[in-house]
Amino acid sequence: MNNQSPQSAPFPIAAIQMVSTASVAQNLKAAARLVADAAARGAQLVLLPEYWPVMGMHETDKIALAEVVDGGPIQQAMAGMAREHGIWLIGGTLPMVAAEAGKIRNTTLVYNPAGELVVRYDKIHLFSFSSGAEAYDEARTIARGADVTTFDAPCGRVGLSVCYDLRFPEMYRAMGSCALIVVPAAFTYTTGQAHWEILLRARAIENQCYVLASGQGGRHENGRRTWGHSMLIDPWGKICDVLPEGEGLVFGQVEPSYLAEVRASLPALQHRRL
């Protein structure tokens with residue numbers, strides 16, 4: 001974590017939406033192309049979605065692909081992309097080795113423009129859902145994290161969260177005052193259609209900050225359908241950009257002057273009593 005002061009100029013950011021496959025090589029190639037597109041448009045911070053390196057045919061496939069810290073092709077690729085384009089890269093999630101046998105950590109790694117690892121966040125809240133033939137239980141293959149994590153970027157403090165974390169507002173309060181919260185995700189079509197947008201907008205409004213959400217968005221070769229709708233939301237709750245489905249980019253900027261204006265006109269964060 002660095003301690004630089006936030007810049008006052010608008011800070012261009014982008015979220016990448018993917019429809020990841022079971023092939024790590026294929027996903028690495030797609031991510032590299034999309035990150036390059038985002039950087040070419042001027043993005044200084046780029047967010048990848050949850051599970052971007054692999055959406056396996058079976059939930060256990062990711063265990064064999066788990067990497068150790070500072071080792072493995074996925075980490076090398078992310079560090080290389082950040083360094084090549086001179087950007088802050090928030091690497092969605094990748095599988096990392098866990099102490100528990102048969103499980104991985106679902107981990108976000110953040111790289112600075114020099115390609116250096118800045119901070120790590122292990123997903124805390126593990127998703128489960130059952131409705132008819134549709135059922136998920138991340139705890140079968142994922143060991144949960146414990147630490148709420150932020151880092152300092154040129155736009156200010158950035159809070160890290162992943163997918164199901166979105167349903168737990170107390171986690172975002174524990175981050176303190178953030179300029180930007182990121183949410184890489186692979187929301188199911190069912191839950192995304194019902195709750196994704198309203199939860200993202202609520203987190204932006206109640207924390208008076210920008211929220212950048214990067215989703216998986218489409219029909220995957222394993223049969224799963226993800227909701228997509230990657231989006232950028234401003235501190236007033238306005239959707240600045242959205243991509244409903246398919247591969248592509250969401251683009252916008254953190255505007256420190258607007259952030260300050262919203263907080264000054266409605267000082268809700270100062271009015272907290274609990």
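1. On the face of α1 turned away from its buried side, the exposed residues are A25, K29 and A40; exposed means over 50% relative accessible area, buried under 20% and partly exposed in between, with a 1.4 Å probe and protein chains only. The structure is a predicted model, in which local features need pLDDT of at least 70 and side-chain atom pairs count only at pLDDT 80 or more, while totals for chains, interfaces and linings use all residues. Residues are numbered from 1 along each chain as its sequence is written, and side-chain values use heavy atoms, with hydrogens and water left out.

2. Helix α1 runs over residues 24-40 and, with its 17 residues, reaches 24 Å from its first C-alpha to its last, close to the 24 Å expected, the expected span being 1.5 Å times one less than the number of residues. Helices (H or I, at least four residues) and strands (E, at least two) are DSSP runs numbered from the N terminus.

3. The buried residues of α1 are V24, N27, L28, A30, A31, L34, V35, A38 and A39. They lie on the same side of α1, because they cover an arc of only 165° around the axis, the arc being that of the directions from the helix axis to the C-beta atoms. These buried residues pack against β1 (11-17), β2, α2, β3 (88-90) and β15 (248-254), where contact means heavy atoms within 4.5 Å. Just after α1, G42 takes a positive phi of about 105°.

4. For α2, the 13 residues should span 18 Å at 1.5 Å a residue, and this agrees with its end C-alpha atoms, which are 18 Å apart. Its buried residues are I74, Q75, M78, A79, M81 and A82. The buried residues of α2 pack against α1, β3, β4 (94-97) and β5 (104-111), and G86, just after the helix, has a positive phi of about 65°.

5. Within α2, Q75 has a relative accessible area of 4% and is therefore buried. Its side chain makes a polar contact with the side chain of E67 at 2.9 Å; such a contact is a pair of N or O atoms within 3.5 Å, where within protein one must be able to donate a hydrogen and the other to accept it, and residues adjacent in sequence count only if both atoms are side-chain atoms. Leaving aside neighbours within four places in sequence, Q75 is in contact with E67, V68, V69, D70, L94, M96, L109 and Y111.

6. In the loop between β2 (45-47) and α2 (73-85) lies D61, which counts as partly exposed because its relative accessibility is 29%. The side chain of D61 reaches the backbone nitrogen of M57 at 2.9 Å.

7. C163, found between β10 (156-160) and α3 (169-173), has a positive phi of about 45° although it is not a glycine, and at 7% relative accessibility C163 counts as buried. H229, in the loop between β12 (210-215) and β13 (230-233), is also a residue other than glycine with a positive phi, near 55°.
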